[in-house]
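Keep the sequence and the 3D view open as you read.

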Amino acid sequence: MQARGLLRFADEATVASSAATDPHVIDTESGTAVVDSSLSPVVAVRRGALVILVAHRTICRVGPTSPFGRELTRYLFVLDEVVVVEDVTAEGMHVLSIGSLSHLDELLSEFLVPPGAAQAPECEPVVVQQSLPPAGVDASLHRPVLLAEVCLLTPWTVPEPAILALGGGGCYRSGEASAGHFSFEPTSSTVIVTQVADLLRSANDRQRREVSSLPGDQGTMSA
């Protein structure tokens, strides 16, 4: 799926200089953005979504002293059949796209699964000390190409972040944590994407029920 890029947030100086002449200035949770009025449905979905997935990824670089590379955070705002994607770079640039719930697996896969990701070998969970330096974590998880932390946010659940490690040496997902340790379950990229997508779809089903039960409900929004 190729989502359509719709909005690139401006910095504060650009916003300040544009606000005087542009009537479409909207205050969002991420700051003030100058947008065209045609984008108001996208912003409405973003604001109205009760189901939000936050995923922060790091592309790893091979090397004993500097194993971490590019960082990107993706927010998926899910409302009925619509998914608004907000990517935030390490430099603070925000980009909004819009897609369909039917393409949820693709949106997750393109963000979380690096080329060449392999199924982890059958083994016991890998225990990693929280105090290990990045290079040590990298070695314990067979030098993943991508590290990610994902967390589902809804009004009715307690956030439970999961850490993912994916690469040619195998894919792993964090399980239960004990004092000072993380436990990573061996898995595959397909299972990871399916589990996260199912979690989002289940939460979206509850969101639909919550919205439909509100007094004066006027239906749901679709793309």
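The largest nonpolar core has 29 residues, and those with the most contacts inside it are Leu76, Leu108 and Leu200. A nonpolar core here is a set of buried Ala, Val, Leu, Ile, Met, Phe, Trp, Tyr and Cys residues joined through side-chain atoms within 4.5 Å. Buried means under 20% relative accessible area, exposed means over 50%, and partly exposed lies in between (1.4 Å probe, protein chains only). At least two residues of this core come from each of β4 (51-60), β5 (68-79), β6 (82-89), α3 (104-112), β9 (146-153), β10 (162-167) and α5 (189-212). Of these, α5 gives the most, with 6 residues. In soluble globular proteins, nonpolar side chains tend to be buried together.

Before going further, a word on the model and its numbering. This is a predicted model, in which local features need pLDDT of at least 70 and side-chain atom pairs count only at pLDDT 80 or more, while totals for chains, interfaces and linings use all residues. Residues are numbered from 1 along each chain as its sequence is written, and side-chain values use heavy atoms, with hydrogens and water left out.

Now pick out Leu108. Leaving aside residues up to four places away in sequence, Leu108 touches Leu53, Leu76, Val113, Val193, Val196 and Ala197, where contact means heavy atoms within 4.5 Å. There is also a second, separate core of 11 residues, which includes Val45, Ala49, Val54 and Leu79.

Which residues of α3 are buried? They are Leu104, Leu107, Leu108, Phe111 and Leu112. These residues lie on the same side of α3 because they cover an arc of only 105° around the axis, the arc being that of the directions from the helix axis to the C-beta atoms.

Stepping back, the protein has 5 helices and 12 strands. These are DSSP runs numbered from the N terminus (helices: H or I, at least four residues; strands: E, at least two). Of its 223 residues, 40% count as buried. Among contacts with a separation of 6 or more, 56% are between residues 24 or more positions apart.

Next, look at Thr73 in strand β5. Thr73 counts as buried because its relative accessible area is 15%. Its side chain makes a polar contact with the side chain of His56 (2.7 Å). A polar contact is a pair of N or O atoms within 3.5 Å; within protein, one must be able to donate a hydrogen and the other to accept it, and residues adjacent in sequence count only if both atoms are side-chain atoms. Beyond its neighbours within four places in sequence, Thr73 is in contact with several residues, including Val54, Glu86 and Phe111.

For a contrast, find Glu160 in the loop between β9 and β10. Glu160 counts as exposed because its relative accessibility is 66%. Not counting residues up to four places away in sequence, Glu160 touches Val150 and Cys151. Cys151 is buried, with a relative accessible area of 12%.

Finally, turn to the loop between α4 (134-140) and β9, where you will find His142. His142 has a positive phi of about 60° although it is not a glycine, and Arg143, in the loop between α4 and β9, has a positive phi near 50°. Most residues other than glycine have a negative phi.
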